[in-house]
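Try each task yourself before reading the solution.

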Amino acid sequence: MSISGVHLTRIGHGDFLLDPLKSLNIRDRDRLIEEITAYLIQVRAVRLFYDLSDLALIDPLYYSWLEFLARAARAVNVKMICIRMQPTAAFALSRFLQETPTFQTAPEIDGWQE
């Protein structure tokens with residue numbers, strides 16, 4: 001399933017992979033979150049794995065996007081797990097993080113434990 005700026009792929013029973021595209025415009029987050037959560041409800045998703053492998057840095061704006069998406073997913077009973085975070089992105093995130101993120105993290109889909 002393609003939504004402007006992201007690609008969603010079913011990877012298992014209730015599991016989906018969100019791959020952000022270069023065209024992702026997080027400034028349009030309300031529309032994106034509405035479309036993504038509507039799709040997650042429609043397909044009865046349980047987990048959403050968000051692939052961060054192409055993101056070298058996470059700034060406060062991108063962190064805000066991740067938080068809003070994770071909260072919206074949680075509101076429709078979907079757990080969001082960010083995977084494949086680069087060390088530079090993790091370091092940048094740690095510099096401004098004030099509280100525990102709403103989303104979970106894992107090195108890979110296989111590395112995620114509930």
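**Exercise 1.** Find which residue Arg-84 meets in a salt bridge, and say which parts of the chain the pair links.

*Solution.* Start at the side chain of Arg-84: its salt-bridge partner is Asp-51, at 2.8 Å from N to O. Strands are DSSP runs of E, at least two residues, and helices are runs of H or I, at least four, numbered from the N terminus.

Keep in mind that this is a predicted model: local features need pLDDT of at least 70, side-chain atom pairs count only at pLDDT 80 or more, and totals for chains, interfaces and linings use all residues. Residues are numbered from 1 along each chain as its sequence is written, and side-chain values use heavy atoms, leaving out hydrogens and water.

**Exercise 2.** Sort Arg-84 and Asp-51: buried or partly exposed?

*Solution.* Buried means under 20% relative accessible area, exposed over 50%, and partly exposed in between (1.4 Å probe, protein chains only). Arg-84 has 28%, so Arg-84 is partly exposed. Asp-51 has 8%, so Asp-51 is buried.

**Exercise 3.** Work out what the salt bridge between Asp-15 and Arg-47 ties together.

*Solution.* First, the closest N and O atoms of Asp-15 and Arg-47 are 2.8 Å apart. Then look at the elements: Asp-15 lies in strand S3 and Arg-47 in strand S4, so the pair ties together parts 32 residues apart in sequence. Finally, both residues are buried.

Terms used: A salt bridge is a side-chain nitrogen of Lys or Arg within 4 Å of a carboxyl oxygen of Asp or Glu.
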